[in-house]
Amino acid sequence: MAEGPAGRARGTESAGIATPVTARRGLAARLNYLTRSTHALTATRAAGLTVTGRTLRAWQGGTRTPSRRNLAAIEQAYRTVRRENVARYLLARLNRDGRGTRVEIQPVNQARGDRPRQRAVEFHTMNVRRWVRIVGAWAAGNDQELDEAWVDQIIDLGSQWGQYEYVTNVGFAA
């Protein structure tokens with residue numbers, strides 16, 4: 001997660017395919033990802049790429065090249081489907097059958113602040129068991145909901161929760 005506009009945590013993009021969609025290799029990799037299974041193809045259509053199967057095969061075979069608009073649609077469909085797949089994987093991994101995942105919370109570095117306003121806030125660890133709302137907000141790209149879901153988790157810290165409302169990084173091994 002990265003720091004949001006108000007200083008709270010927000011989601012970042014999952015890396016995915018590095019080669020741009022405009023390169024033959026990048027286009028081929030995205031089309032393969034979007035058409036490798038019935039589930040992926042259904043998600044691709046739901047994400048807005050509504051060309052015929054014949055056109056997809058021609059693009060994959062290299063006999064036809066997608067227009068600029070279709071390249072943008074392929075990229076958008078790829079990002080959407082990848083984010084959904086990553087979210088599904090993360091949710092299963094982070095929930096761990098109800099056991100949750102231990103996270104490290106590293107507060108905003110206050111070294112650059114005015115001397116009288118600096119606080120000594122150490123990093124904190126906690127076990128998060130309810131990831132559905134956090135991962136769902138990340139997958140939807142809804143920073144406000146992600147913000148609220150995060151605050152709902154750290155409220156369990158008791159009187160210290162305000163120290164961890166604004167964080168630089170939330171790291172977990174997933």
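Biologist: In this predicted model, is Arg96 buried, partly exposed or exposed, and what is its relative accessibility?
Modeller: Arg96 is found in the loop between H4 and S3, and it has a positive phi of about 45° although it is not a glycine. Buried would require under 20% relative accessible area and exposed over 50%. Arg96 counts as partly exposed because its relative accessibility is 38%.

Biologist: How does Asp97 count, as buried or exposed, and at what relative accessibility?
Modeller: Asp97 lies in the loop between H4 and S3, and it has a positive phi of about 55° although it is not a glycine. The cut-off for exposed is over 50%, so Asp97 counts as exposed, with a relative accessibility of 77%.

Biologist: What separation do the C-alpha atoms of Arg93 and Trp131 have?
Modeller: Arg93 lies in helix H4, and it counts as partly exposed because its relative accessibility is 38%. Along the chain, Arg93 and Trp131 are 38 residues apart, while the separation of their C-alpha atoms is 9.8 Å.

Biologist: Which side chain makes a polar contact with the side chain of Asn85?
Modeller: The place of Asn85 is in helix H4, which spans residues 68-95, and with a relative accessible area of 17%, under the cut-off of 20%, the residue is therefore buried. Leaving aside neighbours within four places in sequence, Asn85 is in contact with Tyr33, Arg36 and His39. The polar contact, at 2.8 Å, is made with the side chain of Tyr33.

Biologist: How are H1 and H2 oriented to each other, and by what angle is their packing described?
Modeller: Two packed helices are described by the angle between their axes and the distance between the axes. For helix H1 (residues 24-35) and helix H2 (residues 38-46), the axes are 6 Å apart. Angles of 65 to 115 degrees count as roughly perpendicular, and H1 and H2 are therefore roughly perpendicular to each other, packing at an angle of about 105°.

Biologist: Which residues make the contact between H1 and H2, and how many of them are nonpolar?
Modeller: On the side of H1 the contact is made by Tyr33, Leu34 and Thr35, and on the side of H2 by Ala40, Leu41 and Thr44. Sorted by class, the contact of H1 with H2 has no charged residues and two polar ones, and the number of nonpolar residues is four.

Biologist: Which backbone oxygen does the side chain of Thr101 reach?
Modeller: Thr101 lies in strand S3, which covers residues 101-107. Buried means under 20% relative accessible area, so Thr101, with 7%, is buried. At 2.6 Å, its side chain reaches the backbone oxygen of Leu94.

Biologist: Which residues of S3 form the covered face, and which the uncovered one?
Modeller: In a regular strand the side chains alternate between the two faces of the sheet. In S3 the covered face has Thr101, Val103, Ile105 and Pro107, and the uncovered face has Arg102, Glu104 and Gln106.

Biologist: In what sense do S3 and S4 pair, and what is the bridge partner of Ile105 in S4?
Modeller: S3 and strand S4 (residues 124-128) pair over five bridges, in the antiparallel sense. The covered face of S4 has His124, Met126 and Val128, and its uncovered face has Thr125 and Asn127. Within this pairing, the bridge partner of Thr101 is Val128, and the bridge partner of Ile105 is His124.

Biologist: With which residues is Trp161 in contact, leaving aside its neighbours within four places in sequence?
Modeller: Trp161 is found in the loop between helix H6 (143-154) and strand S5 (167-171), and it counts as partly exposed because its relative accessibility is 26%. From Trp161 to Val151, ten residues away in sequence, the C-alpha to C-alpha distance is 8.1 Å. With the neighbours set aside, the contacts of Trp161 are Val151, Ile154 and Ile155.

Biologist: What share of the residues in the protein chain is buried?
Modeller: The secondary structure of the protein chain comes to six helices and five strands, and from the N terminus on the elements run β-β-α-α-α-α-β-β-α-α-β. Among contacts between residues at least 6 apart in sequence, 64% join residues at least 24 apart. Of the 174 residues in the protein chain, the buried share is 37%.

Methods:
Residues numbered from 1 in each chain as written. Predicted model: local features only at pLDDT ≥ 70, side-chain atom pairs only at ≥ 80, totals over all residues. Heavy atoms only, no water. Helix = DSSP H or I, 4+ residues; strand = E, 2+ residues; numbered from the N terminus. Buried < 20%, exposed > 50% of the residue type's maximum accessible area, 1.4 Å probe, protein only. Polar contact = N/O pair within 3.5 Å; in protein donor to acceptor, adjacent residues only side chain to side chain. Pairing = 2+ DSSP bridges. Axes fitted to C-alpha atoms, helices over the stretch in contact; angles between N-to-C directions. Parallel < 35°, antiparallel > 145°, perpendicular 65-115°, else oblique. Contact = heavy atoms within 4.5 Å. Nonpolar A, V, L, I, M, F, W, Y, C, P; charged D, E, K, R; others polar.
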